[in-house]
Amino acid sequence: MKVFFTGNSPYARRAVLAARVSGLAVDEIDVAPLDAADNPLKGKGPGVKVPGFETDTGAYFCETLLITNYLNEKSGGKLFPSDMAAADAAREVEGIGSLLLDSLFIRSQQLNRLSEDERSPSLIAKEAERANRCYDSLEKALGGKPAGLDAGAIAVVCALGYADWRLPDDNWRNGRSGLAKWFEAMHENKDVEATKPVF
Ligand SMILES: N[C@@H](CCC(=O)N[C@@H](CS)C(=O)NCC(=O)O)C(=O)O
């Protein structure tokens, strides 16, 4: 199996961490820059996005959640706790982490890629509110909790790492000391530390 990633992509980071936690033999292939004429992803599917994933049967697909679910299934459930209630709670957290990342990504594209006259202030405001609701929910869900590495924790650590890089003015730690401590403790894991965005 192969997972295709580029340096600071938070989506790809989720797939890479999921592959490592799964314990499966997955080659990690850096395909930056995506817009290179000879980028290997161009021959694999219409998306040319990271993460991408190739199975041992030669199938190729993208979409982070699809990839992490595939790795969970293939590994016999290594990405979720074995207790059903704990696994459901991890999925709840994974959902919030996913939507936080999507929301941050939209806002970052608006603020970091578009000129001022191309931006949508109402979209930016709506996504900022959504992100704040996510930060608050995560403070409740993860504050004071141990820093285990399941699919939910992976989604959150990648989203918050992306916020630090792209939207530092969110100051998501303010008033959320439990989440801040949890995030710091997560970085004691060598894979979390090794894959954090460089900026
Ligand atoms: N919905 C996709 C989003 C993946 C995504 O947007 N990846 C970005 C990098 S962070 C990308 O490949 N962008 C390239 C492009 O838009 O051309 C997922 O969950 O995997």
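This is a predicted model: local features need pLDDT of at least 70, side-chain atom pairs count only at pLDDT 80 or more; totals for chains, interfaces and linings use all residues.
I sorted the lining of the largest pocket by class and got 11 nonpolar, eight polar and six charged residues.

Next I looked up the volume of the largest pocket, which comes out at about 730 Å³. I count 25 residues in its lining, and S9, Y11, K49, V50 and F105 sit closest to the centre. For the elements giving two or more lining residues, I have α1 (10-22), α2 (64-74), α3 (84-113) and α5. The largest share is from α3, with seven residues.

Where does the largest pocket lie relative to domain 1 and domain 2? I find it between them, because domain 1 (2-74) and domain 2 (84-192) both give residues to the lining.

Then I went to the second largest pocket, with about 290 Å³ of space. I have 17 residues lining it, and nearest its centre are A90, V93, L142, K145 and D150. At least two lining residues each come from α3, α4 (121-142) and α5. Here I see α3 giving the most, six residues. By class I noted 12 nonpolar, two polar and three charged residues in this lining.

Last entry: R176. I located R176 in the loop between α5 (151-166) and α6 (177-186). Is R176 buried or exposed? I wrote it down as buried, because its relative accessible area is 8%, under the 20% cut-off. A polar atom of the R176 side chain is 2.9 Å from the backbone oxygen of W172. Leaving out residues up to four places away in sequence, I listed N132, Y135, D136, E139 and N171 as touching R176.

How values were computed: Residues are numbered from 1 along each chain as its sequence is written. Side-chain values use heavy atoms; hydrogens and water are left out. Helices (H or I, at least four residues) and strands (E, at least two) are DSSP runs, numbered from the N terminus. Buried means under 20% relative accessible area, exposed over 50%, partly exposed in between (1.4 Å probe, protein chains only). A polar contact is a pair of N or O atoms within 3.5 Å; within protein, one must be able to donate a hydrogen and the other to accept it, and residues adjacent in sequence count only if both atoms are side-chain atoms. Contact means heavy atoms within 4.5 Å. On a 1 Å grid over the protein atoms alone, a cavity is a set of points where a 1.4 Å probe fits but cannot get out, and a pocket is an open set with protein on both sides within 12 Å along at least five of seven lines; lining residues have an atom within 4 Å of a point. Grid points are joined across faces, edges and corners, and a volume is the space filled by probe spheres set on the points. Ala, Val, Leu, Ile, Met, Phe, Trp, Tyr, Cys and Pro count as nonpolar, Asp, Glu, Lys and Arg as charged, and the others, Gly among them, as polar. Domain bounds come from an automatic or database domain assignment.
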